[in-house]
Amino acid sequence: MQKATFAGGCFWCMVTPFDELPGIHGILSGYMGGTTDNPTYEEVKTGTTGHLEVVEITYDDEVFPYSKLLELYWVQIDPTDAEGQFHDRGSQYRTAIFVHNEEQRVLAEQSKQELAASGRFDQPIVTEIRSAEVFYPAADYHQDYHKKNPKHYKEDREKSGRDSFIQNHW
C-alpha cells in the first residue's frame, strides 16, 4: 500500500471522487503543511496555522496507479486559483500535491507540465508540488462526511460552484 496526499479546497469534496474505486483502500480527511502540531479544524479554518485541508489516500499502485490518481485529482480543482477553491477562500483551501517519494514527484511534475502545455487554461497552473509532511487526521465527524451528512454535503457542494466549474472546464 502507498499514500497519496492532495489538497483541493474543502476536504469533504475531495473524498468522493476517489471513494470506492478499485485499489483505493482508504481516504482520510486532514491537514498537512503547517507549523502547528495537532491542529484542530477550528484552528486550520482561520488560515493562521499554515496547513492545507487535504485527503490522504491509501492505495494499491498495481490496481490504481499514481498516474491515474493524478488524472482524477486535476479534474476536481481549479489549478489556476492561488487564493483557495470555489467558495472556500484562504490559504488553507489552496491546491497542492504532497509527494511521498521521488517517483511521485516526477509523475506529479510531469502531469502539471502536461496540463500547462494543454492550453486548457488561459492562466498559469499554480498548484504546488510539495514534499509530504506530517499528516494530521481531522476529527471523526469530518471523515466520510458525504455519507454521514449527505443533505448538507450536497447543498454545500452545489453552493460551492465546484461542479459547474468541473462541467465547464473538464
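Modeller: Before we start, contact here means heavy atoms within 4.5 Å. Keep in mind that this is a predicted model.

Colleague: Is I125 buried or exposed?

Modeller: The cut-off for buried is under 20% relative accessible area. I125 has 13% relative accessibility, so I125 counts as buried.

Colleague: How do helices α3 and α4 lie relative to each other, roughly parallel or oblique?

Modeller: Helix α3 (residues 66–74) packs on helix α4 (residues 102–118) with the axes 10 Å apart and at an angle of about 40°. Angles under 35 degrees would count as roughly parallel. The angle therefore makes α3 to α4 oblique.

Colleague: And which residues make that contact?

Modeller: By class, the contact of α3 with α4 has 6 nonpolar, 2 polar and 1 charged residues. From α3 come Y66, L70 and W74, and from α4 come Q104, L107, A108, S111, K112 and L115.

Colleague: Over to T49: which side chain does T49 join in a polar contact?

Modeller: T49 is in the loop between α2 (41–44) and β3 (52–59). T49 counts as buried because its relative accessibility is 4%. The polar contact, at 2.9 Å, joins the side chain of T49 to that of H51.

Methods. Residues numbered from 1 in each chain as written. Predicted model: local features only at pLDDT ≥ 70, side-chain atom pairs only at ≥ 80, totals over all residues. Heavy atoms only, no water. Helix = DSSP H or I, 4+ residues; strand = E, 2+ residues; numbered from the N terminus. Buried < 20%, exposed > 50% of the residue type's maximum accessible area, 1.4 Å probe, protein only. Polar contact = N/O pair within 3.5 Å; in protein donor to acceptor, adjacent residues only side chain to side chain. Axes fitted to C-alpha atoms, helices over the stretch in contact; angles between N-to-C directions. Parallel < 35°, antiparallel > 145°, perpendicular 65-115°, else oblique. Nonpolar A, V, L, I, M, F, W, Y, C, P; charged D, E, K, R; others polar.
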